[in-house]
Amino acid sequence: MLNKLFSSAFLLMLSTLIAKGFILILNILIARYTSKDTYGTFAFLRSTINLFETTFSSAVNPFAVKESSKENSSKVSVLAYGVFYAFTALIISTSCLLLWASSQLIGSLSSFDFLTLQIVLTVVILISLTLLNGYSISVYIGKGIYKVIFFSTVISIVLSTAVIFYTYEDINVEIALFYMLIYQLTDLTVKVCNALINHTHIIKNIEYDVLFQKTKGVLNTVKPVIVGSAINAFVFWFVRYVTANSENGFVALAEFDVSFQMFMICSILLNIICNIVLRNLTKLHESGSNLKQLLSYAMQYMSLSCLLFVGVGYFLYDYFLLLYGDKYTADLFLEVTLICLFYSVALAFNRVMVVMNKTYQLFYVALTSAIVMGAYILTVTASAESLAISFSVYYLTSCVVYLYIFKYRLIK
């Protein structure tokens, strides 16, 4: 079973490593060719994009994977998730533009005078492309079609790298965001073209009234989870915002972000494993496995995967910091390791709850963890270290709340 799981995950891991490598190169280039303050600015904008990506990747993507992996799943049910993603992307984009426009009139974002119209438009488009890409990847994972994800990633990276090769010496925040835009747009275009060429039957003979009802059903299903995930994603952004507004804030944010990239690599790989675990958990649940069996299965693979990634990270951490240059010296490996360990345990609990459709419990976990994390960051002096500890606090709180719910509410 373990060999089958990791063989299935290989292409996903490889494509994700390539994609993450692209972002890593962007981080390294802007860190080496600009100041800490500029890199911190880029990290803050990237975290703003991740605010929405995190909300959907933890709240909606697992349900899209689950629906796509069902043996008796209808094409309308799967497509309903796509409509939901597109509609949400439109609302978020419009809201962000209105917020920026109003802030220009009242000066509420005067401390962030780097937010030009060009940057805001690029960020808004990136948010939409990221959400739609998350949907397409979730469907392909649910259907077990991993080659398309791999090839779309490779094509996107080749095109983006060609542009970077000729312009990297002039890199700044705007150019780095443009690189990300090229990658996301190409990646989504390849996936959509493949769907239109090879799976045209999915969008033929669609009954739109049924699709509308299914989309409303998606909203009702994910509503508690997406509200909870939106709260914790906002808190993830808020703790960075608090740090950015402190003395030498963008410098501290830059120091934190360099080390935090190790966790991001680990978390993305863990999510790949976890999405495949989720696919298997769905089938185990349909075959009659009980809650303890599902939890044992999830914990076994998530813990093993986490220990593997952390072990590799232990030997590579110092070399990883050197990639960014000599000016980044903050040693946050212990904090990052704790984040990874708590995150992997929380992720296993989360996916079992997704399979069991315990959406309101997921909301309670997210809300409690977000409150504790926010309270912590407001009571300490803002720094790279305190920012890293706040993430450990969040995921540790999640584990404790999950454990309480499973022990006293779910397991009889």
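**Stop 1: Arg46 and its partners**

Select Arg46 and Asn27. Their side chains are joined by a polar contact of 3.0 Å. A polar contact of 2.4 Å joins its side chain to that of Arg46. This is a predicted model, so read these distances as computed values.

Colour by secondary structure. Arg46 sits in helix H2, residues 36-59. Is Arg46 buried or exposed? Arg46 is buried, because its relative accessible area is 6%, under the 20% cut-off.

Show what surrounds this side chain. Leaving out residues up to four places away in sequence, Arg46 touches Ile23, Asn27, Tyr39, Met180, Asp257 and Gln261.

**Stop 2: Tyr39**

Move to Tyr39, one of the residues touched by Arg46. With residues up to four places away again set aside, Tyr39 touches Asn27, Ile30, Ala31, Thr34, Arg46, Ala254, Asp257, Val258, Tyr324 and Tyr328. Asn27 and Asp257, the polar partners of Arg46, are among the residues that Tyr39 touches.

Which residues have the most contacts inside the largest nonpolar core? They are Tyr39, Leu177, Tyr324 and Phe391, and the core has 129 residues. Select helix H9, residues 249-286, next: H9 gives the most to this core, with 19 residues. In soluble globular proteins, nonpolar side chains tend to be buried together.

**Stop 3: aromatic pairs**

Display the rings of Phe, Tyr and Trp. How many aromatic pairs are there? The count comes to 17. Start with Phe234 and Trp237. Their ring centres are 5.8 Å apart and their planes meet at 35°, so the pair is tilted. Both residues belong to helix H8, residues 208-244; they are three residues apart, so about one helical turn separates them. An α-helix has 3.6 residues a turn, so residues three or four places apart point the same way.

Check accessibility for this pair. Phe234 is partly exposed, at 43% relative accessibility. Trp237 is buried, with a relative accessible area of 19%.

Now take Phe236 and Tyr395. Here the ring centres lie 6.2 Å apart with planes at 55°, so this pair is tilted. Phe236 is in H8 and Tyr395 is in helix H13, residues 384-410, so the pair ties together parts 159 residues apart in sequence. Phe236 is buried at 9% relative accessible area, and Tyr395 is buried at 9%.

**Stop 4: helix H6**

Select residues 147-167. This is helix H6, with 21 residues. Draw a line from its first C-alpha to its last: the span is 31 Å, close to the 30 Å expected at 1.5 Å a residue. Which residues of H6 are buried? They are Val148, Ile149, Phe150, Ser152, Thr153, Ser156, Ile157, Ser160 and Ile164.

**Stop 5: the whole chain**

Zoom out. The protein chain has 13 helices and zero strands. Of its 412 residues, 55% are buried. Among contacts with a separation of 6 or more, 85% come from residues 24 or more positions apart. Finish with the surface: the chain exposes about 18,600 Å², and carbon and sulfur atoms supply 67% of that area.

Notes. Residues are numbered from 1 along each chain as its sequence is written. This is a predicted model: local features need pLDDT of at least 70, side-chain atom pairs count only at pLDDT 80 or more; totals for chains, interfaces and linings use all residues. Side-chain values use heavy atoms; hydrogens and water are left out. Helices (H or I, at least four residues) and strands (E, at least two) are DSSP runs, numbered from the N terminus. The expected span of a helix is 1.5 Å times one less than its number of residues. Buried means under 20% relative accessible area, exposed over 50%, partly exposed in between (1.4 Å probe, protein chains only). A polar contact is a pair of N or O atoms within 3.5 Å; within protein, one must be able to donate a hydrogen and the other to accept it, and residues adjacent in sequence count only if both atoms are side-chain atoms. Contact means heavy atoms within 4.5 Å. Rings of Phe, Tyr and Trp (its six-membered ring) pair if their centres lie within 6.5 Å; planes under 30 degrees apart count as stacked, over 60 as edge-to-face and the rest as tilted. Accessible areas come from the Shrake-Rupley method with a 1.4 Å probe; for residues, only the protein chains shown count as cover. A nonpolar core is a set of buried Ala, Val, Leu, Ile, Met, Phe, Trp, Tyr and Cys residues joined through side-chain atoms within 4.5 Å.
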